[in-house]
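This report walks through a model of two chains, beginning with a single residue and widening to the fold and the contact between the chains. The sequence and coordinates are shown next.

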Amino acid sequence: MTGMEIFGAWIAVFLTLAIFSFLYKDNPFYKIAEHLFVGISAGYWAAIAFWNQIQPNLFGRLWPKVDGELSGLKAFWYGIYNFFGWFHSGIFPEGGIDKGHEIDIWYLIPFVLGMFMILRLWPKFGWLARWSMAYIVGLAAGLRLYGFLSSNIISQIKGSALPMFDSVGTSINSILIIIGTLTGLFYFFFSQEHTGIFGKISRVGIWFLMISFGASFGFAVMGRISLLIGRFYDLITYSSAEYFHASWWVLGLIIIGLGIMAFKEKASPESH
Amino acid sequence: MKSKHVLISIGTFAILFAAYWWFGHPFFKEGREVMFISIVSLSSIILYYIAEANNGAKIFLRAIPGLKAFEEAVGRSTEMGRSVLFVPGIMDMDQVETVAGVTILGHVSKMTAQYETPLEVPVSRAIVMEASREIVKESYLSQGRPDLYNDSMIHYLTDDQFAYAAGVDGIMLREKPAACFYQGKFYAESLILAETGNSIGAIQIAGTASQAQIPFFVTTCDYTLIGEEFLTASAYLSQKPSLLGSIKGQDVGKLIIMIAILFTVVFNAFHDLGWVQYDIKQFFTAN
């Protein structure tokens, strides 16, 4: 066991228990964990997005590594690259970015749209960011139309072709699924008042929906319990002598800290 | 465009397409006929009803309690002198639910501008932040209160799911908003957010089409817009004829889908009994 591993375990224990301390109430331990979590993750995701997407997939396609002499337009294109490389050779290494891509000038479109987003920093040109947003929303709507229609409509209709005569159990199951699907759809009719027979059918639909939500709720809670067990397993591991009883020490310190704060609050309630 | 024009356009398209099909339909991807017909017919129905609504046809929409509560929630915040918290989900603008959530934010921000109630919108995606700022700014301008708007009302926290949840929880505990709106695409953080909102006594209105998260919102929020209720919210709130028409068109689409389901069930049962040789499932199988 290295010193760094032990240190990491202590940090993990502190952050876990600091987050758990939220169950008592908002307190400085939770605030420390929350701010660390938010700040570090924001920076982490920014770095991940840049090094996993922008640098290899965007710059790597605009300026892939080239061998040999460059001439004409290509020389000019890589001249721009070399200019960027002058600022940061880590992002723009000499000779181009070697990520196994060929030069693809179509990637200028996302590059320009990305630049438009950055222009939000200058109020005079901020309106250009709307083009990028319009592109994203429009493209997503068009792409998802096909996906939703395929999975939510066509597959649903196909899925209703259930076996009806295999056994009594299968027949009951199939009939229940079909009734649930149809009555559920009735509930989502908006241009019709839910009264009379229509109201009764949609009420059956909402019963089906609520039963399925209940089942989903139970399933998700079971998943959460397994996550909690995972955290407790770590805390138990880190409470061993190998880690210098990290869990017990940190737990004790947090309890003492919370106790002192509660005492202070009691002594001067107006300041809280 | 008048509904008559829409019908003429659809008819012309159908004739042209029939001619194209007759002449061997080059470039048409075989095996996707069902998808093609579905997209064209559903789009045509929706376009027709949009045109009808734009021409002044009265479109009835049944009441949804959760939507009526929007104004009540903002009003409560105003009376208590506290802020309104709006969470537009944790996904980007390429998700339909996020787009719907940001659209609803536009309506909520109109109310907060009108009542001069502070609004806070923590977001987890940079593009959602930009889109939200645009829409909220527009709302404040439309209500004649640009002075109340500032960019920091909509602020970025982090892309990380649970770090975002921790950050929003912190905001809830410190700012103590009187109304919390969760409108967008959510995952496992939904219960963490809604439980904290519940613990501070805020009136909570959730809306999502994320099937697995609806139960959590139903159990912890005062009102929940489930599935399509959430996606139709902007039509309800704006009462724009084009949006109302699209809801009517979608309802007709649903009716056709129900008929298709019933037909499939009966046809499949006949196939199982050996009365019909053709397997209906093959019809829906795209290549």
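Leaving aside residues up to four places away in sequence, L105(B) touches F86(B), P88(B), V121(B), S132(B), I135(B) and V136(B), where two residues are in contact if their C-beta atoms, placed from the backbone, lie within 7 Å. L105(B) belongs to helix α4 of chain B; helices (H or I, at least four residues) and strands (E, at least two) are DSSP runs, numbered from the N terminus. L105(B) is buried because 28 other C-beta atoms lie within 10 Å, the term buried requiring 20 or more such atoms within 10 Å, exposed 12 or fewer, and partly exposed a count in between, with C-beta atoms placed from the backbone. Although L105(B) and V87(B) are 18 residues apart along the chain, their C-alpha atoms are separated by 8.9 Å.

The model is a predicted one, in which local features need pLDDT of at least 70 and side-chain atom pairs count only at pLDDT 80 or more, while totals for chains, interfaces and linings use all residues. Residues are numbered from 1 along each chain as its sequence is written, and chains are lettered from A and ligands numbered from 1 in the order in which they are written.

## The sheet of chain B

Chain B contains 12 helices and six strands.

Strand β2 (residues 119-123) of chain B is joined to β3(B) by three bridges, and V123(B) has Y156(B) in β3(B) as its bridge partner.

## Domains and overall dimensions

An automatic or database domain assignment divides chain B into domain 1 (3-61 + 245-283) and domain 2 (65-231), whose centres, taken over C-alpha atoms, are separated by 36 Å. The C-alpha trace of chain B spans about 65 × 45 × 35 Å along its principal axes, and 47% of its 287 residues count as buried.

## Where the chains meet

The contact takes 54 residues from chain B and 46 residues from chain A. On the side of chain B that touches chain A, α11(B) gives the most, with 14 residues. That side has 31 nonpolar, 10 polar and 13 charged residues, with Ala, Val, Leu, Ile, Met, Phe, Trp, Tyr, Cys and Pro counted as nonpolar, Asp, Glu, Lys and Arg as charged, and the others, Gly among them, as polar.

In chain A, the buried residues of α6(A) are S174(A), T181(A), L185(A), F186(A) and Y187(A), and their cover includes α7 of chain A together with α11 (241-273) of chain B.

Notes:
Two strands pair if DSSP finds at least two bridges between them.
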